[in-house]
Amino acid sequence: MPYWPKTLNPHLPCATFLEAYPYPAFVLNKKQTGKLAASLIPIWSNSAYRYLVFGPKANEPQNIAGGGLLEALPGTGFEGLEEARKLANWVELLGEAADVPYLLELDPPWLPSDHPTIQLELTKTRIDPMWIITSTPRTPLPSHPPRPLVMDIPPEVARSTSFAIAPGPEPSHSGTESQSSRPTSPSPANPSRFRLLNPEKDPQRGFFTAGTQMLEYMRNYPWDTHVLGPMDSWPQSLKTTVGAVMSSPYPWALWWGPDLVLIYNDAYAVMAGTKHPQLFGQHGKIAWAEIWEEIGPLADIVMKDGKSIGYEDDRMFFDRLTDKRLPEEVYHSWTWIPVRVEGGKIGGMLNATTETTSKILYDRRIQILRSIGDKTALARSKAEFAEATQKVLTDDAQLDMPFVAFYFNTVDAPPKPTRTETTDYPPRPLALRVTSKLAYKIGVPDDHPAIPTRAVHYLDPITLKPRSIPPKRTGASPSSTVDASSLPDDTPTVVLSPPDVEEAEAEHPPTPEPQWPFFDIFSSKITLHIRSLPASIGEGFGYRPQGFNDVPREALIIPIAAEGDDVPVAVMIVGLNTRRPYDEEHRNWIDLLHMTLNSTLTAALGREAEVRKVEQLAQLDAAKTLFFSSASHELRTPLTLIAGPVDDAAEMTTEPRVKDLLKTSVRNIGRLSRLVDSLMDFSRLEGTRDLDLPWCHVPQAPPMFQRDV
């Protein structure tokens, strides 16, 4: 069975996130030919969903894609259809109602009949042509030992999720690789640096063989002027070891002689990145000068004592990031093995290494996503959501996010004009006013001008573009939120101009303008990458207790929006890891983070709406209680004033007919008084909720005695 539907390959990052999501999640197809609503048959589901719905049969081939949702709904016949109808209606809800989570009850068929019903709180995210449904359990989930999962994993998924990959060069169809085709950047996401462990399932790559470029490079190297001398004069032990190094499809190198001269193969050259070819034939302490302080003493142990040394997932910093050779955070599992010459002495070291950077970064970044999902699962307001995300990003993202600034946006939305209205400059009431307030910041100095605590933007209500003033009204060009000279070349300059600057300043005092393209975020709702931070913004940023504490060079602006929002609910500005490239793997993780924040904030807003609804109902109930209490007091006084004279008149009159009528009035007044007293008792009970009132039964007269009422 395919791991992910081929028609949805552009959304492969969603599969990576959902598979790592700890709770049930699934994907519904939004577009169904001939149907008005989304299908309730999942086209994909994660392992947590399959374990819940299918139990021990979760990994059977027919259950890999998903399904099983309708069968797990409680009830049979019309009752089950009603539950399915409610779920389908919730899936199709738009606007403000779309933010409300849905409480789904499930009775999976594989569970015993007496097992309690399972409750999941569902939230949805629309990514055309799909609905991404994530859940948070409200009751304990059942557990069982799952069967092993056997499936064919497409190469693109294996590369993007670190599934069963090992470093190695990618051979061309002719068996050779030209210098121009060999990558010079060591990005872990580059497919040429990885191959599946089972090459037989990858016919496009052919056999798993070593490259030949470094063999030719070594033959043409000027050894005559080198300390090792011509190749013909090399000892047989050196020739044999070099042959083994060049024949290996994995990154291997030989460190030879007292100076530890470096000789390596194609895979090692790819790993070296921009440091190649200067590394080849270079002395070890010069070739790897940036890490020699750590590895130099280890080399002495191998060369002098003849002991092998190895490390797993060892963090190092190679000077290979970009053409400027900045330090790059990498992880390697490597070993040094002594190589003896003919006389029995140690002539050098055989170095085998495997880069595990992708695995380490994947685990570290997925842990951030899991922590955000766990911490925000019970958030019932925007403030609690901000507090939860701040805690996670402060503790777990010190390396990948040097600084963070999180803004919540509030919108004063005017009535939207129709399309038939004029396109001339609209009057001031039609301006869309957006206020961005800083919720929290991490790694940013206090009172830094680049991160204001509050900013006001005026947008066109239709295009969400900045509202500009015609030159004839002011005689000057519109003001700008960003100093164009301080922006990177690829960042568009945006304009912030209220329809009447003087009136706007009279309402609110001027605030420091943000130096970030907020307007582009409002209109596009996509993540923006700022490739080069100017010194005026990055100065003083990025200090974290366990971070690298470099000056940030790049940043992202991430919009966080709930379903149906015209303007993002929040905007998060994050600095990028200064010692990692912003490559495909990094972009995929940011996409997953974006989706996680969208879904968790949507759920938090839904819970906040529920709490607000409960509070409003409580206020209405209190108002009702107050009204009835006041009405009871107002009714008791006139009844008392009426009862006395009527009772006296009944006693004084001597006419039987009049006497009967007056006594009937007295009885009716007494019954009405008892009703008013009961109403007051209930009002006091509603008001205090803790009265221990004695309940009693008020006997009613038989119907035969009520004919005079």
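1. Two strands are taken to pair if DSSP finds at least two bridges between them. Strands (E, at least two residues) and helices (H or I, at least four) are DSSP runs, numbered from the N terminus. In E15, Ala 455 is the bridge partner of Ser 436. Strand E14 (residues 432-442) and E15 pair in the antiparallel sense, over 6 bridges.

2. This is a predicted model, in which local features need pLDDT of at least 70 and side-chain atom pairs count only at pLDDT 80 or more, while totals for chains, interfaces and linings use all residues. Residues are numbered from 1 along each chain as its sequence is written, and side-chain values use heavy atoms, with hydrogens and water left out.

3. Buried means under 20% relative accessible area, exposed over 50%, and partly exposed in between (1.4 Å probe, protein chains only). Of the 6 residues of strand E15 (residues 454-459), 5 are buried, so E15 is largely enclosed by the rest of the structure.

4. Strand E1 (residues 25-29) is joined to E5 by 5 bridges, and the two run antiparallel. Phe 26 has Ile 133 as its bridge partner in E5.

5. Thr 134 lies in strand E5 (residues 130-137). Thr 134 counts as buried, because its relative accessibility is 5%. Its side chain makes a polar contact with the side chain of Thr 123 (2.8 Å). A polar contact is a pair of N or O atoms within 3.5 Å; within protein, one must be able to donate a hydrogen and the other to accept it, and residues adjacent in sequence count only if both atoms are side-chain atoms. Contact in general means heavy atoms within 4.5 Å. Leaving aside neighbours within four places in sequence, the contacts of Thr 134 include Leu 18, Tyr 21, Pro 24 and Ser 599.

6. Another open sheet has 5 strands in the order E9-E8-E12-E11-E10, and the pairing is antiparallel. Its edge strands are strand E9 (261-264) and E10, each pairing on one side only. E11 and E12 pair over 9 bridges in the antiparallel sense, and Met 349 in E12 is the bridge partner of Pro 338.

7. Helix H10 (residues 292-305) has 14 residues and should span 20 Å at 1.5 Å a residue; its end C-alpha atoms are 19 Å apart, which agrees. The expected span is 1.5 Å times one less than the number of residues. Ile 295, Gly 296, Leu 298, Ala 299 and Val 302 are the buried residues of H10. These pack against strand E8 (252-256), strand E10 (309-321), strand E11 (326-340) and strand E12 (346-355). Gly 306 follows H10 and has a positive phi, near 70°.

8. A nonpolar core is a set of buried Ala, Val, Leu, Ile, Met, Phe, Trp, Tyr and Cys residues joined through side-chain atoms within 4.5 Å. The largest has 41 residues, and Ile 263 is one of those touching the most other members, along with Trp 255, Leu 262, Tyr 264, Phe 280, Trp 288 and Trp 336. Not counting residues up to four places away in sequence, Ile 263 touches residues including Met 218, Trp 234, Val 242 and Phe 280. A second, separate core has 35 residues, among them Ile 372, Leu 556, Ala 562 and Val 569.
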